[in-house]
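Trainee: I have a two-chain complex open and would like to go through it with you before I set anything up. Could you take my questions one at a time?

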Amino acid sequence: MTERGASVLYDVPGPGARLRNNALTLAFGVVLLLVAYFVWTKFDEKGQWDGKLWQPFLRADTWTELILPGLLNTLVAAAVAAVLALLFGAVFGIARLSDHRWVRIPAAVVVEAFRAVPVLMLIFFAQYGGSLAGLVVTEFAAVVFGLTVYNGSVLAEIVRAGILAVPRGQAEAGSAIGLRKNQVMRLILLPQAVTAMMPAIVSQLVVLLKDTALGFVVAYADLLNAGARVVPANYANLIPSVIVIAAVYIAINLALGYLANWLERRSRRSRKVAADPAAAEAAAGGEVALMR
Amino acid sequence: MEAVVDELPVILGAFWLTVKLTVVSGVISLIWGIVLAAMRVSPLPVLRGAGAVYVNVLRNTPLTLIIVFCGLGLGTVMSVQFSRDDLSLNSFWLSIIGLSAYTSAFVCEVVRSGINTVPLGQAEAARAIGLTFLQTLRLVILPQAVRTVIAPLGSLLNALVKNTTVAAAIGVMEAALRMKNLFDAHGDAIIPIFLGFAAGFVVLTLPLNLLSGRLARRLAVVR
């Protein structure tokens with residue numbers, strides 16, 4: 001919401017309201033400071049602000065030996081899962097739009113089923129089910145499997161909504177000039193749909209990146225594992241370490257969030273986009289999609 | 001298949017815990033999320049700023065990290081205790097803190113987007129009859145805003161049902177962790193057990209979807 005939008009709820013303050021607002025600002029400011037002070041002293045009682053707990057983060061070797069390898073593993077898992085999920089999403093999203101019932105219905109069942117199951121359960125299933133089938137399932141493979149099928153199913157819905165958001169006339173015009181079905185999809189619908197889907201796709205990739213942290217539960221050596229197991233095991237500083245790691249996650253996700261916003265603004269500006277990006281995003285749940 | 005039938009009481013117990021986690025943290029995050037939304041649209045920059053920082057920090061942090069912070073950080077290091085002798089009760093409430101803190105940030109954003117859909121004239125009319133900011137929000141804006149966002153709130157609740165599994169990270173015996181234990185106990189029945197638990201989640205989320213869709217249609221504001 002913009003500043004202008006926010007002022008919908010209240011007038012430009014007059015002299016009396018300004019005085020009252022200033023008094024309230026002061027009062028709430030004091031309350032917030034008291035809350036912060038309370039939290040600060042509670043942590044201080046347990047010695048959490050002690051310099052020696054934070055000092056490891058000023059040394060290069062803590063980062064190069066312990067944290068950055070975890071970050072690298074997180075990024076690798078996220079990148080591999082993202083590529084596979086995009087493939088999965090494209091295949092199943094298009095399959096759900098197939099003219100053949102025997103393709104459309106199984107694809108719908110797969111997508112709906114995997115969307116209903118929590119990622120953590122899929123990860124556990126990959127580990128145990130894989131070893132049942134005689135495969136050696138590493139933590140990495142299990143995490144990538146869980147993230148791929150879950151986010152792939154969500155992406156399939158985004159792809160489907162994006163393609164449906166392209167005006168009908170486009171596909172009809174394609175058929176009219178004699179293109180085959182797969183040519184219409186490949187040359188006409190997908191290029192326009194992808195531009196419209198971009199913001200929703202990037203949002204979902206932020207979710208995927210956040211969800212790599214589930215690897216912690218199966219002891220995959222990711223960033224959270226570095227912050228909540230490895231660093232505290234060396235320096236007994238769980239709280240400082242988790243706070244630092246959280247800052248790293250927030251920085252990466254904010255950057256990706258800005259990328260999504262930028263893509264959305266850009267595609268809104270460009271008149272070449274026939275499909276409405278808002279429609280594709282609304283289909284994916286918009287804001288809600290970010291939660292999982 | 002026998003494994004699922006034999007362990008049915010255990011499975012139902014795990015899902016009961018999932019339901020409890022969902023309901024308690026759902027109620028807390030609905031209330032806290034609406035308070036946050038009110039903060040973010042208030043005329044006081046202090047409250048707007050505090051709300052914005054809270055939402056952006058919590059939304060961009062992985063839920064697993066938040067739960068681990070609550071369980072190990074608050075629970076073990078800071079020795080926040082809810083029960084002196086029952087460890088599982090302790091981790092239950094600690095994971096509720098984490099789930100509510102995380103979900104409320106999303107509730108706030110959904111409610112705020114609902115506030116944006118209320119026409120300008122409504123707030124102006126409310127001010128014209130002399131309502132204060134809080135009265136405008138409570139009596140005119142929020143009732144309309146919340147009704148327009150019932151469907152997205154339903155999807156949030158749906159996501160929350162699935163997110164409760166993350167409490168497994170600090171050893172809460174909800175559905176996902178129980179499933180893993182049953183995998184260990186019945187190595188030969190992994191697929192039936194998985195299907196059983198997956199069906200459990202479908203049973204929990206499907207009625208929720210139908211209900212929220214129905215409510216959204218029934219309560220829609222006619223303009």
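Trainee: To start with the interface, how many residues of chain A are in contact with chain B, and how many of chain B with chain A?

Mentor: Bear in mind that this is a predicted model; in it, 47 residues of chain A are in contact with 55 residues of chain B. The elements of chain A that give two or more residues to that side are α1 (3-6), α2 (15-45), α6 (119-132), α10 (223-235) and α11 (238-269).

Trainee: Which of them gives the largest share of the side of chain A that touches chain B?

Mentor: That is α11(A), from which 9 residues of the side come.

Trainee: And what does that side look like by class?

Mentor: On the side of chain A that touches chain B there are 34 nonpolar residues, together with 7 polar and 6 charged ones.

Trainee: What about the predictor's scores for the complex?

Mentor: The predictor gives an ipTM of 0.91 and a pTM of 0.89 for the complex. For chain B the mean pLDDT is 91, and 100% of its residues reach 70 or more.

Trainee: Which elements of chain B have the lowest and the highest mean pLDDT?

Mentor: Among the elements of chain B, helix α1 (residues 2-6) has the lowest mean, at 83, while helix α2 (residues 8-40) has the highest, at 95.

Trainee: Take Val68(B), then: what does it touch?

Mentor: Leaving out residues up to four places away in sequence, Val68(B) touches Phe216(A), Leu224(A), Ala228(A) and Val242(A) in chain A, as well as Ala169(B) and Ile170(B) in chain B.

Trainee: Now the folds of the chains; how many helices and strands are there in chain A?

Mentor: Chain A has 12 helices and 0 strands, and chain B has 10 helices and 0 strands. Buried residues make up 40% of the 292 residues in chain A, and 49% of the 223 residues of chain B count as buried.

Trainee: What share of the contacts in chain A comes from residues 24 or more positions apart?

Mentor: Counting contacts in chain A with a separation of 6 or more, 76% are between residues 24 or more positions apart. In chain B, among contacts between residues at least 6 apart in sequence, 76% join residues at least 24 apart.

Trainee: Which domain does UniProt place on chain A, and where?

Mentor: The UniProt record, an unreviewed entry, places "domain: ABC transmembrane type-1" at residues 71-260 of chain A. That span is 83% helix and 0% strand, with its end C-alpha atoms 22 Å apart. For chain B, the UniProt annotation "domain: ABC transmembrane type-1", also from an unreviewed entry, covers residues 15-212, where the chain is 81% helix and 0% strand and the end C-alpha atoms are 21 Å apart.

Trainee: One backbone check to finish: what is the phi of Ala219(A)?

Mentor: Ala219(A) has a positive phi of about 60° although it is not a glycine, and Ala236(A), likewise not a glycine, has a positive phi of about 50°. Most residues other than glycine have a negative phi.

Trainee: Where are those two found?

Mentor: Ala219(A) is in the loop between α9 (181-211) and α10 of chain A, and Ala236(A) is in the loop between α10 and α11. Ala219(A) counts as exposed because it has 10 C-beta neighbours inside 10 Å, and Ala236(A), with 11 such neighbours, counts as exposed too.

Definitions and conventions. Residues numbered from 1 in each chain as written. Chains lettered and ligands numbered in written order. Predicted model: local features only at pLDDT ≥ 70, side-chain atom pairs only at ≥ 80, totals over all residues. Contact = placed C-beta atoms within 7 Å. Helix = DSSP H or I, 4+ residues; strand = E, 2+ residues; numbered from the N terminus. Nonpolar A, V, L, I, M, F, W, Y, C, P; charged D, E, K, R; others polar. Buried ≥ 20, exposed ≤ 12 C-beta atoms within 10 Å, placed from the backbone. UniProt positions renumbered as here; feature names shortened; annotations may be inferred. pLDDT = per-residue confidence, 0-100.
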